[in-house]
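These are my notebook entries on one structure. I looked up its disulfide, then a sheet, then its aromatic rings.

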Amino acid sequence: LELTVSDLPHCYAVIRDHHGDDSDPVNPYFLRTTLSSGPGDGNNSPESATPVECGGVAQDAIQALSDVDWFRVEMAPGADILAYSLAMLPGSPDLTLTLYESSGTTAIESMSDPDGQYGPTILGRNVRLTQSGYYYFSVRDSLDDDADASLLYDLSVQCVQDPDANEPNGNFDTPAQNRSNATSLPMDTPVTGYISYQGDEDWYRVSMPHDGLLNLSIQTSAGGMPIDLLCTLLESDGQSVEGEFVVEAGIDPTDFSLRVALPSGTHFLRFRDEGDDGADLANSYSVRAIYEPDPDPNEPNGNFDTEQQNRNNATQLVLGTPDMGYIGSNADQDWFQVFVATPGVYHFSLTNAAASEVDLSMSIYRPDLNGLNMILTRSEEDRDGQDGPTDIQAQMFLFDADTYYIVVQDLYNNDTDLDVPYQIEVNSVPLPPGSNEPDEDRSEYVPITSGQLVQGWIEFEGDRDWYGIDIQGEMNVLVEMWNDTPSPVEFIWFM
C-alpha cells in the first residue's frame, strides 16, 4: 500500500485479523515502512502548487495512492488562450487533468484517460480565459487506486493571444448576444477566422440585398489540426436553421463551395467544430460570400418545409409547351405540375443543350390518399452531366385523370449551374388506330380466335398486351409473333 501524507508528525499502523475471529501464533507476519521524497512531493495542494512558466513543461509522477499534484500558471495581460496538454507513456495510472480558477476550488475543465495501460496518455485542450492572473492544474489517478513513482508525466502549458481578430463573435449566453456581436461578412470579401479553442463558435452576419443565391466559399490550409468545421446557416432570429454542412479541415487543404437560395434580409453563419473537441491556433479558415441573382424565373417552386407547400408552389406545365429552369442552389428542387384530363399515353422529356456539372434527375408523382406516390424516377441517363447534353425521356400510360407532379433536381444534390438551363416538356401521345389500350392485365385481355391475325403496339414503357383464346380439350397451340420493320422493342411473350 502506498500513501501520501503531510502535516502529520506521527503515523500509526494497526494490524489485526479482518474479522477478529482467527489467530496464528506460529507463523509471523512482516511489516516494513519506507519513507521517500521524490518528484511531486510537496505540491499536494493549491497553496503548495508547483509553478509552471508559460511555454514551459512540468514533470512529475503519481507516486502513491491518492496522490494529487498541483501546478500554478500565471496568465499575463494580453494572453487569452491557455493551451495545455498532459502526456505519459503507458502505465497503471489513469490520469485526470483538471483546470481551476484562481481560487483553486472551482473547476473550469476536466478530462481523463480511462485506461492508462491501453496506450500512451495524451490529454489536451485550449481554453479561452477572460481574466489574467493565476490558474491551477491538478493531476491525479482517476480513482485514486493506482500509482507508479517511476512513471513520469509531462504537463505542457502555453499562454497565447487568440489569433482570431474577430473575437469575441460568439459563445455568448443568448442568441440575441450572438447576433449583436456577429462579425459582418461583406459581399465578395474574404474574412479569416480560427477555431481557437474547443467549443469556439464564430458568428457572421450576411445581408442579402434581394431574393437570390448566396454563393459561399470556404477554404482551409494544409497541415492543420483535424477539425470538422460545422457551418450552420441561420435565419434572422439566429435560431431557425436554413442549412447546415461540414467542411473537413486538417492535413489536406480544403476548397469548399456551396450555393444556397435565400430571401432578402439578414442571415447568420455560425462556425464551430462538429464535436466541439477540435481546435487549431496555427491554421485559419477563410469564408467568402457572393450574392447572385437566381436565373430561374419559376423560383420559388420547391424546397419548402412540407410536401403540401411544394405542391402549392409547383410551376404549372401546359401539355405540349416546354418550360425551362435552373438548378441554381445545392439541393435545389424544382416542382412542376401537369393536369391530365383523360387517361392515355404521355411523354415526359427532360433535356439540356450542353454539358453541365448538374446530373439531372426527374421523378414523377401521382396523388393518392396518403399524399404523393412516386410512379417513376429517371437519372441513369445523366449520372455524369459533364459528359455532354442531357436527354432523359419517359413514356407511360396514365390511368387516372388527375394532377401529376414532376420534381427536377441534381441527382446527388451537390452541383449547380447558372449558365446551362434544362428544358422540361410533357406531351400527350395519340394511340395508333386500332390500339386496344388499356389491356394491361388479365381482366382487360383482348379475345382472339384461332387463325386470327392481331395487330398491336408497345406504346409505352412497361406496356403489356394481354390476349385470350378459348381452348376446347387437348389441342396444339402455335403462336407466331413478328414485325416488318426494325424496332427498339425487344419482344417477349408468355402463355
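I began with cysteine 159, which is buried at 18% relative accessibility (buried means under 20% relative accessible area, exposed over 50%, partly exposed in between, with a 1.4 Å probe and protein chains only). The model is predicted, and local features need pLDDT of at least 70, side-chain atom pairs count only at pLDDT 80 or more, while totals for chains, interfaces and linings use all residues. I noted that residues are numbered from 1 along each chain as its sequence is written, and that side-chain values use heavy atoms, with hydrogens and water left out.

**Disulfide.** I searched the whole structure and found 1 disulfide (a pair of cysteine sulfur atoms within 2.5 Å). Cysteine 54 and cysteine 159 form it, with their sulfur atoms 1.9 Å apart. Cysteine 54 lies in the loop between β1 (50-51) and β2 (57-61) and cysteine 159 in strand β9, so the link ties together parts 105 residues apart in sequence. Strands (E, at least two residues) are DSSP runs, numbered from the N terminus. Cysteine 54 is partly exposed, at 34%.

**Sheet.** I traced an open sheet of 5 strands in the order β10-β12-β17-β14-β15, with mixed pairing (two strands pair if DSSP finds at least two bridges between them). β10 and β15 stand at the edges with a single partner strand each, so one side of each has no neighbour in the sheet. I found 8 bridges between β14 and β15, which run antiparallel; leucine 229 has valine 247 in β15 as its bridge partner.

**Rings.** I found 12 aromatic pairs (rings of Phe, Tyr and Trp, the last by its six-membered ring, with centres within 6.5 Å; planes under 30 degrees apart are stacked, over 60 edge-to-face, the rest tilted). Phenylalanine 397 and phenylalanine 399 have ring centres 4.6 Å apart and planes at 45°, so this pair is tilted.

Notes. Helix = DSSP H or I, 4+ residues; strand = E, 2+ residues; numbered from the N terminus.
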